[in-house]
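Me: I have a model open and a few quick questions. Can you walk me through it?
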Amino acid sequence: MKKAVEIKRLSFSYSDNEVLKNLSFSIPEGEFFIIIGPNGSGKTTLMKIIAGILKPKKGQLRIFDRPLKDYARKDLAKTIALVPQMALVDFPFTVTELVLMGRSPHLSMLGFEQEKDLKIAKNAMALTDIEHLAHRPLDQLSGGECQRVFIARAICQEPKIILLDEPTASLDLAHQVKVMDLMEKLKKEIGFTVIIVSHDVNLAAMYGSHLLLLNAGMIVSLGKPEDVLTCQLLEKTYNCKLLVDESPVGKFPRVTLVSGSRGRRSGD
Amino acid sequence: MNNKSPFVLKRIVWVSSLLLLLLFMTMVIGISMGSTGNGVKAVLQSLFGKGGEDSMLDTIVWQIRFPRVLLAALVGATLSLGGLVFQALLRNPLAEPYILGISGGSAIGAIIGILAGLSRFPGVSFTAFLGSIATLVLLLIMSSGQSILKKNTLLLSGVMVNAFCSAIIMFLVSMTQDSRLHNIIFWLMGDLSMSDIGQVGILALTLLPCFIILFRYSHSMNLLLMGNEMAQTMGVNIKRVTTILLVTTSFMVSSTVCHCGLLGFVGLVMPHLLRLILGPDHRVLVPACILGGGAYMVICDLLARTLTQQGEMPAGVITAMIGAPLFIYLLKRSKR
């Protein structure tokens, strides 16, 4: 299997503060790859480096066997699309207009879209189930709808890798599952490599084919959910009491928070 | 429907044709009306070279009114477009061209030029341009490195630069006591009366390439509204685009400021009004602001020339009196 992302001895620092320390790992094509870790572990920095927004200080980063720095901006945009965490747009673009912006790396200078691009955008809107919103201005949408619009924009970009920064952070329970199901569908039907940065270990356990657990800029564990999400590793990494058992809905781990003052621990 | 031609292009052509017609009509009206009450017909004849007999009218039309109306159109186009660009760069639909202190800077340059007794062109133009470039450099140093890409840094630096510029302008004004004072004050309020066909022609030739450059980057402006990081992942070279937009716009604004003084609200009202009508796509808005902004300024100048019986008032008074209430109305409406 081809490697979508390959990272070797990568380090990154903001002035004196080293955020990522000597990381080496790779993500095969077609994975549902989820990066988890405590606040300040370097998750978002890692994602920005893969997206080409931040330049790594040391080490190598290859996207589909080609060094990242060999990619022209537009070529990279045709390979990787990013769905931001909180996309606030103060300008009343319609949903269609915003989704069409995903075509820009494929267009000439002035970015005039052809009918063909409109077809691709409509297709992306159908996949994300937002066709009925096509002519609505962005500022009239709910958080969940907005998220799907930005995912449609990323699909419209026709990348091979799609990066999502905390896609479920501001969504209610139903929408969390919807978004993750959608990404699962895109992975299966279009063959996207999906890379997600998330705080939600339970969603990660349910959907991830591989998880990367980061702490203080270093890899704690990389592997299948059941190997990464062990009580011992998580308690050490997050520095809190946890309960990990098998989820009643499937063969994947379930992580439960244990309060210091409320509830009973097993064996009490 | 023709499936081959891009649909955005069709919209641009439609909108531009309509606004071009509007601009043309306002310019004809602007040239027809004035203190000597000649009819539209006589002026039109003179404009298209069929007058012949009335050489007095020819002189008024060609040497006084035509350059003035053309200057008004150019100034309106430049300020509206400048406002549009700054709003895209700052990702704030209510930003105005003066917010970065660029026009304040060129005003300082221009006042120093006037005090030094330089001619309006190229002397004062040049000092105004130096002033705007100086503020731009100051701005870039204040928000240097990575942080220039963050809009709040740019906005706050701009507000500070602007406050500093106002202080210097006031200082210069209070130090001046002779007849030049009246000159400066009138100019500060925005004044289009000093127009000469040669100078306006040169101004038009300087502005045209700026308009073309900004249209070239109109789609990048759309993407910039998504935030710098998002724009970057869609293939935009942020540093290059931001620099080109800032330098082109400040060059454009300073070239007009030295001709017309400080005209407020044109850069605020026109982009906002046009965005409400046409939507936020910059590929449509850039040509619309050039043509619509031009028409708006021609009307404002016409009002400034004809509203009072004794003499005329600075056009800046009109733009502020129309602009500010309209702006408040638009603001309230858009929040609904």
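Me: What should the 18 residues of helix H6 of chain A span at 1.5 Å a residue?
Reply: Helix H6(A), residues 173-190, should span 26 Å, and its end C-alpha atoms are 26 Å apart, which agrees. The expected span is 1.5 Å times one less than the number of residues. Helices here are DSSP runs (H or I, at least four residues), strands are E runs of at least two, and both are numbered from the N terminus.

Me: Before we go on, what are the ground rules?
Reply: This is a predicted model: local features need pLDDT of at least 70, side-chain atom pairs count only at pLDDT 80 or more, and totals for chains, interfaces and linings use all residues. Residues are numbered from 1 along each chain as its sequence is written, while chains are lettered from A and ligands numbered from 1 in the order in which they are written.

Me: Which residues of H6(A) are buried?
Reply: Val179(A), Met180(A), Met183(A) and Leu186(A). Buried means 20 or more other C-beta atoms within 10 Å of a residue's own, exposed means 12 or fewer, and partly exposed is in between, with C-beta atoms placed from the backbone.

Me: And what is on the face turned away from the buried side?
Reply: Exposed residues: Leu173(A), Ala174(A), Asp181(A), Lys188(A) and Glu189(A).

Me: What covers the buried residues of H6(A)?
Reply: The cover includes helix H5 (143-156), strand E8 (193-197) and helix H7 (201-207) of chain A.

Me: Switching topic. Where is Ser104(A) found?
Reply: In the loop between helix H3 (95-101) and helix H4 (115-127) of chain A. Ser104(A) is buried, with 24 other C-beta atoms within 10 Å.

Me: What is Ser104(A) in contact with, leaving aside neighbours within four places in sequence?
Reply: Gly111(A), plus His219(B), Leu223(B), Met234(B) and Gly235(B). Contact means C-beta atoms, placed from the backbone, within 7 Å.

Me: How many residues of chain B are in contact with chain A?
Reply: 26 residues of chain B, against 26 of chain A. Helices H1 (7-32), H9 (218-224) and H10 (228-233) of chain B each supply at least two residues of that side.

Me: How confident is the predictor?
Reply: The complex gets an ipTM of 0.87 and a pTM of 0.85.

Me: Last one. How many helices and strands does chain B have?
Reply: 14 helices and zero strands. Buried residues make up 48% of its 336 residues.

Conventions. Two residues are in contact if their C-beta atoms, placed from the backbone, lie within 7 Å.
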